[in-house]
Amino acid sequence: MSDPVLQIENLQTHFFTDRGQIPAVDGVTITVNKGEVVGIVGESGCGKSVTSLSVMKLVPNPPGKIVGGTIKFKGEDLVTANEKRMRDIRGNEIAMIFQEPMTSLNPVFTIGNQIGEAIRLHTKASKKQSRDRAIDMLKKVGIPRAEAIVDEYPHQLSGGMRQRVMIAMAMACNPELLIADEPTTALDVTIQAQILDLMRQLNREAQTAILLITHDLGVVAEMCHRVVVMYAGNVIEEGDVRTILKKPKHPYTKGLLNSLPKLEESQERLYSIPGNVPIPGSLTVGCRFAPRCDQATDLCRSEMPQLKAVGDNHFSRCWLSE
Amino acid sequence: MTEELLVVKNLKKYYPITGGVLGGEVGVVKAVDDVSFAVKRGETLGLVGESGCGKSTTGRSLLRLIEPTAGEITFDGVNVTALSTDEMRKMRRDMQIVFQDPFASLNPRHNIEKILEEPLVVHKIGTSSERKKRVQEMLEVVGLSSYHARRYPHQFSGGQRQRIGIARALMLNPKLIVADEPVSALDVSIQSQVLNLMQDLQKEMGLTYLFIAHDLSVVRHISDRVGVMYLGRIVELTTSGQLYSNPLHPYTKALLSAVPTPDPDDVRERVILQGDVPSPANPPSGCTFHTRCPHVTEECRSTRPAFQDVGDGHFVACHLYKQ
Amino acid sequence: GCSGSQTTQAPAEQPKTETPAATPAPEPAKSGPKQLIVGRGGDTVGLDPIAQTDGESFKVTENVFDTLVGYAEESTEVVPSLAEKWEISPDGLTYTFHLRSGVKFHDGTDFNAEAVKWNFERWSDKSHPQHNKEGFEYYNDMFGGYKGDENHVIKSVEAVDAQTVKFTLNRPLAPFIQNLGMSCFAIASPKAVQDMGPEKFNENPVGTGPFKFVEWKRNDTITLEKNPDYWNAGFPKLDKLVFKVIPENTARLTALTSGEIDMMDGVNPDDAQTVKDNKDLQLILRPSMNIGFVGFNVEKKPLDNPKVREALAYAINKPAIIEAFFAGLGQPAVNPMPPSIWGHNGNIKDREFSIDKAKQLLTEAGFPNGFKIKFWAMPVARPYMPDGVKIAEAIQQDLKKIGVEAEIVTMEWATYLEKTKAGEQEMFMLGWTGDNGDPDNFLATLLDKNNIGGNNRTRWANEDAHKLLMAAQSATTKEEREKLYLQVQELIFKDVPMVPLAHSTPALAAKANIINYKPHPKGSESLEKVDFQ
Amino acid sequence: MALLSYSIRRIFMLIPVLLGMSIVVFSIIRAIPGDPALTILGEKASPKAIEDLREVLGLNNPWYIQYFDYLKQIITGDLGVSLHSGASITQEIGPYLAATTELTIVSMLFAVIIGVNAGILSAWKQNSWFDYCAMLIALIGVSMPIFWLGLMEQWFFAQELKWLPSVGRDNSRNPVEAITQFYILDTIMAGQWDQLWEVVKHLILPGVALGTIPMAIIARITRSSMLEVMRADYVRTARAKGLAQFWVVYKHALKNAMIPVLTVIGLQTGLLLGGAVLTETIFGWPGVGRYIFTAIGNRDYPVIQSGILVIATIFVLINLLVDLLYAYIDPRIKYR
Amino acid sequence: MAETHVQTVTWKVKDEEVVSPWREAWRALRKNKLAMVGLAIILFFVAVAVFAPMIAPYPYDEGELVMKNKPPSGEHWFGTDYNGRDVFSRVVYGARISLWVGTFSVIGSVVAGTILGLLAGFYGKWIDTLISRIFDIMLAFPSILLAIAIVAILGPSLQNALLAIAIINIPTFGRLVRSRVLSLKEEEFVMAARAIGMKDSRIIMQHILPNSLAPIIVTGTMGIATAIIEAAALGFLGLGAQPPEPEWGKMLSDSRQYIQKAPWTVIFPGLSIMLTVLGFNLIGDGLRDALDPRMKN
Ligand SMILES: Nc1ncnc2c1ncn2[C@@H]1O[C@H](COP(=O)(O)OP(=O)(O)OP(=O)(O)O)[C@@H](O)[C@H]1O
Ligand SMILES: Nc1ncnc2c1ncn2[C@@H]1O[C@H](COP(=O)(O)OP(=O)(O)OP(=O)(O)O)[C@@H](O)[C@H]1O
Ligand SMILES: [Mg+2]
Ligand SMILES: [Mg+2]
């Protein structure tokens, strides 16, 4: 593993609510290397967003709190970094874009103002300079009429355009790491294709490492070098794209892949994983996937397996993959 | 009995846009603009398209949950558009709808029993105990347990709620079910459960589906035939096999190529469309796709292409395939 | 002041200055203009005296205007004012006034016989260009209507020469001179009225009085300044006179205590002691010329039965009420007119408060268990009734003891007056402040059958009383009249159309260093003599 | 442009409301029992005189003629003549309106400055002791009967402690030369600093009494609106940019949170204008609320009618202003 | 890759019991301490009102004038008023009036507002325009002024004050219901009800009304608080309750002239108004948090 930008180790982020302590992220370990695109996949509620927010230290507190683990950004532990240092890092060294382009931009400020703000925060740019840079960025992310758009308000743009603006804003300070939390989920496929294309291009040109969060295995296949599969707050499998999508070890990953309808061939019936995604917090002993796993043994039900190497750069959290 | 359960001819739905100094009508949103298709008994017709292209409007117009602006809808030989409100209410026994949002489509203040019993009560079917019994049966049918009957919607997961939605639609033994994106809000592992359930039910009960979705692979999986919508119009309609192997309309092609597949070895050639879907309030002239089409010609800009059969029931609306 | 038609909140009426030998003033008259700020409860309605009927207006106009004749300090005895002397013809039909010479209006025009003539013509002639479209109420009342009306008293007003005016009457009117002293019959500058028109004049008065009008901030202050050319040499003493509205009695007292104002009327009876105890203040009592009463609408059952009325009279604990609500600043009333006026029947002894007597009478009248009745209570404080509703509540408590359930009814004041006049009420509260010190002004006004539908709200139509009252009106000698009035009062006491409650003594308070303030029984007075020690 | 068209549309929309208001006011007057002519002429008037005056006042016409006459009159800016004082209401109402407006503005400034900031701080430091205290105070504030608060203030600060004057607008010993009728302005313009101080002292008690309820309401709504906005995605975006919390709160969140707050401010300002009756009665404030209330007592119909209409019109205009302000703050609105 | 230690927090899954939304709300409410304080205050005043004859040591409308304005003592806990009546007894009976006026005026406004709001929201078109305009016009008048005008028409009395307050608050509820109806009409479950062939009337009764109830209850509770203050204000201006009814606002205004000499006659009625109103506001706040999940955090 060469030149890691981000090393998350055994991260535990819990929510302290009326209903008790909810371990939304419960021992997650992820590494992102320079220039690499790492995907996190998993179903709704498995802790993807909380992991990414933890990196930015933006988990709403209360009720959320990082209760354990370390997050090393270029060797510096962010968990113990103070707020001032975090403000320097946010938007400058690590940038983030979110799932909902419709609501992620402030409706009452112009596009130029919002991008310019990010620039001014981290550089000594004047108002004029930051505006010019904002226009450059808009052009770079492929927005037509950039000079006019800077002075418009978010509601005047379509969803795809807004996501481009978000990307422009994120990339404005040349971050080393871009965290993209389901950047295309809310978009139509044709627009999704445009955005993914744009991100790929940025990754290639600026060597920006990307932590891409998604629940769409197709997007993973198209974008990522490495994939982390999460289930109920844990990493359950990790490896490079090809391995995970072609030769998954964990029954959950396998099930997930099998349950997808295929575009190119018609299937009579889809495979389906029985049961439901567990309610976060309603954790039992043993493997968290055991209740839905058709190969579960007594061991699975009584003891939590560890994430173990099952091949070259391939890790799985399953008793059966030993 | 005709082969076609549902025939839609030249369906239009325009929403007025108000505004201006006096707040009057200043234009229309052409949500559905001259759509025609037919659904055969027992088949599943899929409708795909990007957000805002008029899929839901079409689906809801069929049941006259939205009054269509123009067009004729014939269901089981009856011209639905000509029915009075009261006749229409009775008609709805045979045509039902399942909604996209499993959280919004169940009244949070009613328990499951009440929700499922309601269609029977409305149509005065059975005695109270018969109705209760039917509720229990139907719960089993959709894979829930009868002890769930007394619980409230918020006590269920999304997938379970969607099953309840389906159960409600089935209570009256309808002939047609319009499924408006029934799996879009669900997680992948749950999505396959619901899709399987719907297929099973279709087989058992001989249902006919109009299945609306924006996910091409889902539509393709469940449908016998698929219609592709763009900006209020159907641009291509054919069997699902044909659609993938031989897409004709440039939009369909682009759509297919844009769908990411979980296969790292997939080396399809990507057609990345430029720009956004235009606003239905101000649709482009001629072929509405001409602003994004890679094969655009002068004709596309001026004349609307006819929606025609190019062989074997493969319909397409594109000037490239003129006969 | 009549019993109503205006809503002025503050008490204001009669004389007796209980001036404690003023302790050294905290604020000795500063060298500089002498300014007196008078706090009061309500704002002036208008400043054209003839168009007004309310005390708050007259309090100001009396300082700006003069009348032909005036009243002596603290009494209603007629004294010269703009007219130095006058003669009455033996038949009582011709009055000749000799006017003071050298008097000028504030606008510099001369006061003379023409001016007097002009004023009377304006008032009496409905077609006069400066006659108000609503008419002049007091003129109409006092002089039998307007020119051309059947009962109109004044036949003509002639300017004999510059300083002599002759009034010729259609018929004798005993209180003619007395009436001319009323604040409303003040002489205004004809030129000013003509120039401004009645509406504007109503806000910018020009008279001959001790003070000149300066400014009026509605609902807040009216400012007057010294008239240096005032005919009464040496007066006024003050340079500036400000009337300030502070509606709430307690708040007004606070303002006085804190030095914001120098003088105020409407001291709550309860606060009188507080004022007395404050060495910086003095309590001043206005001589009483009023009556507050509980009336019975004798047309309504069961009040048509004199026994019932008498029973109710027995049941009302007058002394306790006076003690509690007049705090010593009022005397129990026996008759509908105050003892300070001639003709008052002092021989009548009041009924003692007695529940037993009341019950017995009720039983005799056929109501052993009492009855239910509506009791209309005045919604506003008037000089003769500091707090109508509270007193009504006290009476309500009294009546409960004899089984009479009184339901208190209130409504806003104007409606109250209108409806009581129309006779809608059963039992009610009201009062009267004398206008001119004549018994007729009380007895006939309140209880003569001719005034039913007017101020006789008890609707008591007693023929005997009517005859006596009419006789008294046309009798010529005071002795004769007095005899008749004494009889009327006996009749009234026997038949109980009303229970006279109290003659209240309105209390005023002032800074201890204020001298020569003599409150007048009629409720308003000129402040020309007032000065700081 | 959009803003202009939006403004014009909003102004157009006022017309039916204003017409409706004039109808309501017109009918209220006619529904109040009693004959205006009788009120004018007083108790001793003859029936003939009353009939004459009814004719003069047009009271014998059918109601719709009367209404159109009335409408014509108010459209030309003529509010009629007070029956009580005989003065033109258009002129007479000016000083009252100014007095009320000055009091309202002062109270609102007090309410807005304290309320908004307390709300923001509460939301920012949610669940801190500051939050709890501020919100408890605000809750007590909204539960406070204004007339009781006024009385208590007057009793305590004016009567017992004698710190502040309890009635009126200025010190009558040193009265303000009214030019604009706004005493603060007048004294400043005249350079009368001692008078200004007096005016301010007179404003404190009624201002606080009147401002307390709006302050509490504003604080509460600001807090809840801020809390909602602070959960919004764009606030997270702003933080993800590395913006300091202070700016996140005061720039990104506040401008969005202001929209419901503005509504409340507008609404409350209007309510203060009309609801000042109680405060004005207690503090002897020569304002328009008391003007109308006294007029009801006097059955001075034209004053009641015009007074209510003027207040309601101002109220409507304030709300219009608030709507336009929204459009200014929130670019989305004008496109609706 | 470092060995991951997994901490397992076990959270007991709540048993499969049936939790109706109302039960859920009640549970949330019960946990809200302030709301419970509010509830306690209201229950206290309700108890006082119901058992007034047993609690009050003296009749509220009888006193001895000699006992005028006596300070609080063992005999008269809150002292006596200007008529020598026991202030405590009057305050106790006053609870009846305030609660009665508050509750019934709000019930009146809610019923009228709901009917109008439903008509406007469900049928739209000119009915909506008409009703909405009427609401706009009513709301254009500051409420207290409108109430004063209405009482001026009807004549001052407690009943008329109640009516006036009910009338002025109709638009508040009408608009609320209308906006609820408008948004519920677009909800998928209403759409679903139409899809199974349900009649409008039944949709209103089964779906629209029950789902509008929560905000109506919240606003209604707060509305009671406002109505109590409004009634007291009218009483204060002499336009509400008539003597000797011991209405709190009226007691205040009747006694204000004695504020320096007998402050207790002003303090206690005022405090009672404030406490009652506070109680309703507290519970209203709590209900909003419990019933309106959007406000939860
Ligand atoms: N503010 C919060 N309070 C309490 N629990 C929270 C909060 N935010 C997140 N959680 C819990 O953490 C779990 C993980 O949430 P997270 O948002 O990371 O899921 P996700 O994987 O991003 O899902 P999605 O695909 O829906 O975005 C959630 O199921 C939720 O229960
Ligand atoms: N009530 C309405 N009034 C005005 N325009 C409407 C209304 N409902 C829908 N539209 C417009 O009609 C168009 C088609 O809407 P529709 O909901 O049918 O799209 P859809 O294909 O179902 O989209 P989605 O995938 O987002 O559900 C959209 O542009 C939408 O904005
Ligand atoms: Mg997420
Ligand atoms: Mg849709």
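A polar contact is a pair of N or O atoms within 3.5 Å. The exercises below apply this cut-off to a predicted model.

**Exercise 1.** Which polar contacts does ligand 1 make with A:Gly47, A:Val50 and A:Glu182, given the cut-off of 3.5 Å?

Solution. 
- Step 1: take A:Gly47, where a polar backbone atom is 3.1 Å from an oxygen atom of ligand 1.
- Step 2: take A:Val50, whose backbone N or O atom lies 2.8 Å from a ligand 1 oxygen.
- Step 3: take A:Glu182, which places a side-chain N or O atom 3.0 Å from an oxygen atom of ligand 1.
- Step 4: the accessible area of ligand 1 on its own is 630 Å², and the protein covers 71% of this area.

**Exercise 2.** Describe the shell around ligand 1 by its elements and residue classes.

Solution. 
- Step 1: strand E1 (4–17) and helix H1 (48–56) of chain A are the elements that give two or more residues to the shell.
- Step 2: H1(A) provides the largest share, three residues.
- Step 3: the shell has 14 residues, of which A:Ser44, A:Gly45, A:Lys48, A:Ser49 and A:Val50 come nearest to ligand 1.
- Step 4: sorted by class, six are nonpolar, five polar and three charged.

Key: Residues are numbered from 1 along each chain as its sequence is written. Chains are lettered from A and ligands numbered from 1 in the order in which they are written. This is a predicted model: local features need pLDDT of at least 70, side-chain atom pairs count only at pLDDT 80 or more; totals for chains, interfaces and linings use all residues. Side-chain values use heavy atoms; hydrogens and water are left out. A residue is near a molecule or strand if one of its heavy atoms lies within 4 Å of it. A polar contact is a pair of N or O atoms within 3.5 Å; within protein, one must be able to donate a hydrogen and the other to accept it, and residues adjacent in sequence count only if both atoms are side-chain atoms. Accessible areas come from the Shrake-Rupley method with a 1.4 Å probe; for residues, only the protein chains shown count as cover. Helices (H or I, at least four residues) and strands (E, at least two) are DSSP runs, numbered from the N terminus. Ala, Val, Leu, Ile, Met, Phe, Trp, Tyr, Cys and Pro count as nonpolar, Asp, Glu, Lys and Arg as charged, and the others, Gly among them, as polar.
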